[in-house]
Structure formats: C-alpha cells, structure tokens
Amino acid sequence: MRHMADEEQQAGTPSGPSGPSAQDDGRAVRARRRAALAGARKRLREGLPGTLRERLAELTRTAGDVHDLDEQADLYGDGVVEALEKRVAGLLGFPAAAFFPTGTMAQQAALRCWAGRTGNPTVALHPLAHPEVHEEDALSVVSGLRPVHPTTEPRHFTADEVRGLGEPFGTLMLELPLRDAGFLLPTWDELTDLVAAARERDAAVHFDGARLWESATHFGRPLSEVAGLADSVYVSFYKSLRGHSGAALAGPTDLIAEARSWRHRYGGNLFQQFPAALSALAGLDRVLPELPSYVTHARVVAAGITEAFAASPAVPWFRVHPEPPHTQEFQVWLPFDADVLTEAAVSQAEETGVALFGIWNRETAAPGLSMTEVSLGAPALEWTHEDVRAAATDFASRLPRA
C-alpha cells in the first residue's frame, strides 16, 4: 500500500542500515534534494514557500483581494468559511457545500450519507482510488462501508463493468482524474455512460474531484456541467489550487446538512479556519482561471520529453503516460532504480539550475522500474518545446549506460 502525498514523501529514506546515523543521513539527503529542486532557476511548477514567514507573507499578499479583512474572524465555520462554501457550491452547480479540514473526512461523510439513503453500505470504486490506497482502510474501519471493484486494471472501469458487477451497491465513486493510474480521465461519453450505468443499478454517484478543477478542459465542458453528473462532489483546495489545506463537499442541501453532522462527529468542526479559507478563495481567484493553460501546455512538455528520450541511446525504454496528458499532470516511467533517477534530477538542478523532474518513486511491482509524476504550474508556461527537449536530453545523459 502506498501513502504518497507529495514528492518528498515519495522519496522515502535511502535504503541501507537503520538507526540514528542512518536517519541523519536520510535527513541530509532529503535536505539536499529539497534545496536543489527548490533552488533551481527553471522549474515546471512553483514550489510552495517553505517557512512560516513565507507562508504568512503569501497569505497577507493575497487575502485582502479575496475577502474583507475587517470582517470578524470565523467561529466554527461562519464568516469567511461560509463565503467559501457558497462560492464552491455556485462553481459546481450545487445548492450547498460544506468545508472540511481534509478530503478523507469529506468523502467518509459523503459515502456514509449515501449509504444511509440507499440502505446499502457497499461502495463500488477503483482499487487505485484514494480511499483504497491512501487512507489506511478508513472506508471500512471507520465508516463501516464495504468496497467492491468493477475492475482491477489500471484504468477507469467501463459502464459495462458497472452494469455487470455481481452484487448490489449503494454508491458508485469515481475519482476524476484517477491519480495513481496516471491522472487518467474517461472521455465525456464514457463518463456519462458510467453515470447512467450507476443509475440503472439504483446507486448514487459521488465524484472524488480532488483535481476536478483541471478536468473540465479534457471534457470540453463547464465545470458545473461535469460536476452536475454526480449526486455529490468533493474538491480539494491545496492540490491544484495551492491553498493551505482543506476541502469541500458539494451536493443537495439535506445531504450537506447531514454531512456537517458527521464532520462534527469526526472532530472536523474547527474553531477557526480562516487561513485555509482565505488561501482557498485566493486559489479560486488566481489559479483556477489559469488551469486550462497548464493542461494545454502539458502536451507540449510531454511531447518534448518523448522526443528526447526516443532519441537518447541512454534510454532503452520509457513511457509517458497518458500521452497526451489528460490534465496538467502525468507520469513518466524509466527502467532504472529510483535512487539513480532522483540523483540525476538533483544533480541536474544543482549543476544547471534546471529542474525537469522531481523525486522518482521506487514503489512499483516491477524491480528496476521507476516512475515520477510531472506536475505543471505557472512557471511551465515559460518552457518551450525546445527547452523541454534539451532538459530531457541532458537528464538522459546523466543516466548509466547498460
């Protein structure tokens, strides 16, 4: 089971002896990686400010543009938090939304509510979906729900697989995009057929939309039309929108009212939440309008990497997945140990000031095969196709020859 939240967690600690000295060595390695990647003059994605002072300064710069700072600070979800909830409900086309401190909690609440309404605690979802991979079985252990999988393939399941599932289920959960399969999205026709298949089974439909914000570009539909296919939608504020933390659950008024009760039971009704709410509003104002350009440019970046690796004698095999990318994030696979690839990325950043890749992930089923996630932000728009190809060529030249 993988528990990756970001690139630094993907890195892990170097293999070898354990103990205090090894832990110190691991911290030193991670510090070097962070410094090299954060200090590069050319990156695909801006790094989050690292210090408390920097985070506070960033919030101070943006908060006054998105909300009245002379208003009283929030208490248990009023004020600026309510303003954020109304904003999200409007964007997604739902009558109500509730702020949650984490997406894990938001989805637990949503799926519990639908189980009560449908009378069926079984949830059909993909085995690579977030609740199955990153939440330590909370779906079953905490919420008493039972997951079933229409497919085990690393792709979205099909409508026929939903129709053919051999037992009743109360809720169909779709992660859009499916991050651990490569930030994959179905086509619009496939998505509407999936929703129709769930309706035929008398099931509710819930979207895990942690990264739904950037998915509308792939579908060629407004965000509200995409979200409107589902009965409820969860969205994240700290991933694509670069907020401090937090999530929202949007849906029918009565469902959201019940979800608020579960939020309180789970301990998520925090006394004050204004830093997260203000940073989320800033993300909606500043980052959300730019996401389509990142998605479009991801295709340029992916093509440059593909051309460079295809021409390099140092790369016996590679895969850019999916190609072209469905969002501004995609995977790159290479047949080398993760430590070798991460060292190449770090040394490239240190020596040239260019950081094309970040941390490579060694947690794969096939020995000697590693993957990294490429994620684009505003700085990526400055990279031309030639820039990407040159950086990928240089990266490949740092790999050992077979």
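1. The largest nonpolar core has 58 residues. A nonpolar core here is a set of buried Ala, Val, Leu, Ile, Met, Phe, Trp, Tyr and Cys residues joined through side-chain atoms within 4.5 Å. Buried means under 20% relative accessible area, exposed means over 50%, and partly exposed lies in between, with a 1.4 Å probe and protein chains only. Leu92, Phe207 and Trp213 have the most contacts inside this core. Helix H13 (residues 274-286) gives the most to the core, with 7 residues. Apart from this core lies another, of 31 residues, among them Ile305, Leu356, Val374 and Ala396. In soluble globular proteins, nonpolar side chains tend to be buried together.

2. A word on the basis. This is a predicted model, in which local features need pLDDT of at least 70 and side-chain atom pairs count only at pLDDT 80 or more, while totals for chains, interfaces and linings use all residues. Residues are numbered from 1 along each chain as its sequence is written, and side-chain values use heavy atoms, with hydrogens and water left out. Helices (H or I, at least four residues) and strands (E, at least two) are DSSP runs, numbered from the N terminus.

3. What does leucine 92 touch, leaving aside its neighbours within four places in sequence? Its contacts are Leu212, Trp213, Leu223, Ser224, Ala227, Gly228, Val233, Val235 and Ala250. Contact means heavy atoms within 4.5 Å.

4. Next, strand E6 (204-209). Of its 6 residues, 6 are buried. Both faces are covered. Ala204, His206 and Asp208 are on one side, with Val205, Phe207 and Gly209 on the other. In a regular strand the side chains alternate between the two faces of the sheet. Strand E5 (residues 171-175) runs parallel to E6, joined by 5 bridges. Two strands pair if DSSP finds at least two bridges between them. Glutamate 175 stands opposite aspartate 208 in E6.

5. Strand E7 (residues 232-236) is also mostly covered, with 5 of its 5 residues buried. Ser232, Tyr234 and Ser236 are buried on one side, Val233 and Val235 on the other. E7 pairs with E6 in the parallel sense, over 4 bridges. Valine 233 in E7 is the bridge partner of phenylalanine 207. Strand E8 (residues 247-251) is joined to E7 by 4 bridges, and these two run antiparallel. Leucine 249 in E8 is the bridge partner of tyrosine 234.

6. Is arginine 211 buried or exposed? Arginine 211 counts as buried because its relative accessibility is 10%. The residue is found in the loop between E6 and helix H10 (216-219). Its side chain makes a polar contact of 3.2 Å with the side chain of glutamate 329. A polar contact is a pair of N or O atoms within 3.5 Å; within protein, one must be able to donate a hydrogen and the other to accept it, and residues adjacent in sequence count only if both atoms are side-chain atoms. Not counting residues up to four places away in sequence, arginine 211 touches Leu176, Pro177, Arg179, Phe183, Lys239, Ser240 and Glu329.

7. Helix H14 (residues 291-311) holds threonine 306. H14 has 21 residues and reaches 31 Å from its first C-alpha to its last, close to the 30 Å expected at 1.5 Å a residue. The expected span is 1.5 Å times one less than the number of residues. Its buried residues include Leu291, Tyr294, Val301, Ile305 and Phe309. Their cover includes H10, strand E9 (319-321), E10 and H16. Threonine 306 is buried, at 18% relative accessible area. Not counting residues up to four places away in sequence, threonine 306 touches Phe318, Val320 and Glu323.

8. Helix H16 (residues 385-397) has 13 residues. Its reach is 18 Å from first C-alpha to last, close to the 18 Å expected. Val388, Ala391, Ala392, Phe395 and Ala396 are buried in H16. They are on the same side of H16 because they cover an arc of only 135 degrees around the axis. The arc is that of the directions from the helix axis to the C-beta atoms. Glu386 and Ser397, on the other side, are exposed. The cover of the buried residues includes H14, strand E10 (329-334), helix H15 (338-352) and strand E11 (354-355).

9. Alanine 338 lies in helix H15. At 1% relative accessibility, alanine 338 counts as buried. Leaving aside neighbours within four places in sequence, alanine 338 is in contact with Trp360, Asn361, Arg362 and Ser370.
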